[in-house]
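Open the model in your viewer and keep the selection tool at hand. Each stop below gives you something to select, then tells you what is there.

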Amino acid sequence: MLLFIKKYFGWRNWAVLVYNSIFENVFILFYILLREQKTGTEQLVQVLVFLLFSMFSTTYGYLINDYADMELDRAHGKANTFSEDSKGRALVVTMLFLLLSVVSGWYFSDHMDFLALWFIWIFIGSFYSLPPLRFKERGKPGLLLVVLAQRLLPILLVFTAFGFERTGEIILLAAYVFFRGLSSDVNHQVEDYENDLKTGTGTFAVSTGPGLAQKVLRFSLEMEKILLAAILAMFLYVFAGFDLLPLMLLVTAVLLYYGAWVYSIFLFLKNPGEIVNPFKGRGNVFQLLHHSYPSVILSLVFSLIVSYFNPAFLILFVLMALIRRLFSIQLIKSTFIYRTLSKVVGRD
C-alpha cells in the first residue's frame, strides 16, 4: 500500500503538493475566509476537505496525462509514472483517483456553480491529453485550455465552494492565477520545444516558434508581478481595520514584496543580461517574486493571520511548513532572503 501511495499519489516526488494550483495559491483561500469573516471550525473542516479534493483531482490530472502519453514519453525518453505498468493497470489506477476526487468533491455539491465548473474541469483535464481531442497539441487554443484546466478552474472552484461572490476581487485574483499558469505552461513548452518538434507534437511553442513563445512568457511574468502588487494593495485596503498583530504581519509581507520587486527592476536595469526567468534562476530575487513569495511566504502569513482568529487553523500552518520543508536548514540557506541577510550582516 505504501509503495502504491508513493508511486501514484506521490507522483514525481509529491508534485501533487508542490505543483498544485490550490496549494500554490492557497493564500486566496485564506483571504476568502478572512474577507467573509468565516474562520470557525466548520470552515476549517471545509478547507481540509477541499485540499484533499484538490490533491485527488490534481493527481488524476497528472495520471491521465501520463496514461495518454505512455508511448510518446518512451519516444522522448521522458519519465512516466506508468512506464513499468500495463495499459490496463494504468487505466484502473487513474480511474481510482478520479473516483476519490468525485467522493471528496461531492462535499461541495450543493453549490450548482461548483458542479458546472467541476464538470468542465474534468472534461478539459481529461481531453488535454486524451485522443481524439488532445488539446495539448492544438497550439494557441490548447495552451489556453490547459491553463484553464490546470490553474484557472481550480481557483474558480474555490470561489464557488466557499460562496465568494465579490466580482471585482474574483476577476483580479483569477487574472493573477491565469498568468501564473500561463507562465508555467509556456515555459514548459519552451523547455520541451526540441523534443516536441522531433515528434511532431503541435504545442503552442512548436506552432508559433520559440521566439514568440519566449515573448509571451516574458509578458506573462511581468503581468504576474503587476497583478500581485495590485492584489497586495487590495489586501491592505480591505484589512486596514485588523488588530495590530495581524496588521503588522500583513504590512511586513507586503513591504517585503514591494522591496524585492523594486530591487529586481534595479538589478535588471543594471544588468540586462540577468536571468529573469524564475524557472531557471535558483535562489534569486526573481524566483522569490514568482514562486517563494506567493506560494510560501504569503500563504504562511495568511495562515498565521487566520490562526490569530482561530488557533485551530495552526494545523494548516504546520502542514504547509512541512510540505514546503521549512524545517530544512539546507533549504533555508539556499533562499534569496537568507543569502541577502547573510551579506548584510557580513557572514559567508
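This is a predicted model, and it holds seven salt bridges. How far apart are the closest N and O atoms of Glu 169 and Arg 35? Select both residues: the gap in this salt bridge is 2.7 Å. The pair ties distant parts of the chain together. Glu 169 sits in helix α10, residues 167-191. Arg 35 sits in helix α4, residues 26-35. Glu 169 has a relative accessible area of 11%, so it is buried, the cut-off being under 20%. Arg 35 has 22% and is therefore partly exposed.

**Next: Arg 166 and Glu 36**

Select these two. They form a salt bridge, with 2.9 Å between the closest N and O atoms. This pair also links distant parts of the chain, 130 residues apart. Look in the loops this time. Arg 166 lies in the loop between α9 (139-161) and α10. Glu 36 lies in the loop between α4 and α5 (41-68). Buried or partly exposed, which is Arg 166? At 31% relative accessibility, Arg 166 counts as partly exposed. Glu 36, at 24%, counts as partly exposed too.

**Next: Asp 69 and Arg 134**

Move on to Asp 69. Its side chain meets that of Arg 134 in a salt bridge, 2.8 Å from N to O. Again the pair joins distant parts of the chain, 65 residues apart. Asp 69 is in the loop between α5 and α6 (70-76). Arg 134 is in the loop between α8 (112-127) and α9. Both residues are buried.

**Next: a salt-bridge network**

Select Arg 218, Glu 222 and Lys 225 together. Salt bridges link these three in a network.

**Next: helix α14**

Select residues 244-270, which make up helix α14. Now colour its buried residues. They are Pro 246, Leu 250, Ala 253, Val 254, Tyr 257, Ala 260, Ser 264 and Leu 267. Then show what covers them: the cover includes α13 (210-238) and α15 (285-309).

**Next: Ser 21**

Zoom to Ser 21, in helix α3 (residues 21-24). Its relative accessibility is 5%, so Ser 21 counts as buried. Follow the side chain of Ser 21: it reaches the backbone oxygen of Arg 151 at 3.1 Å. Which residues does Ser 21 contact, leaving aside neighbours within four places in sequence? They are Gln 150, Arg 151, Pro 154, Ile 155 and Val 177.

**Last stop: a nonpolar surface patch**

Select Leu 48, Ile 315, Val 318, Leu 319, Leu 322 and Phe 327. Together these residues form a nonpolar patch with about 550 Å² of accessible area. Which helix gives the largest share of the patch? Helix α16, residues 314-323, supplies four residues. Pick out Val 318, which has its place in helix α16. With a relative accessible area of 41%, Val 318 is partly exposed, because that label covers values between 20% and 50%.

Notes:
Residues numbered from 1 in each chain as written. Predicted model: local features only at pLDDT ≥ 70, side-chain atom pairs only at ≥ 80, totals over all residues. Heavy atoms only, no water. Helix = DSSP H or I, 4+ residues; strand = E, 2+ residues; numbered from the N terminus. Buried < 20%, exposed > 50% of the residue type's maximum accessible area, 1.4 Å probe, protein only. Polar contact = N/O pair within 3.5 Å; in protein donor to acceptor, adjacent residues only side chain to side chain. Contact = heavy atoms within 4.5 Å. Patch = residues over 30% accessible without salt bridge, like charges linked within 9 Å, V, L, I, M, F, W, Y side chains within 5 Å. Areas by Shrake-Rupley, 256 points an atom, 1.4 Å probe, with all protein chains shown as cover. Salt bridge = Lys/Arg side-chain N within 4 Å of Asp/Glu carboxyl O. Expected span 1.5 Å × (residues − 1).
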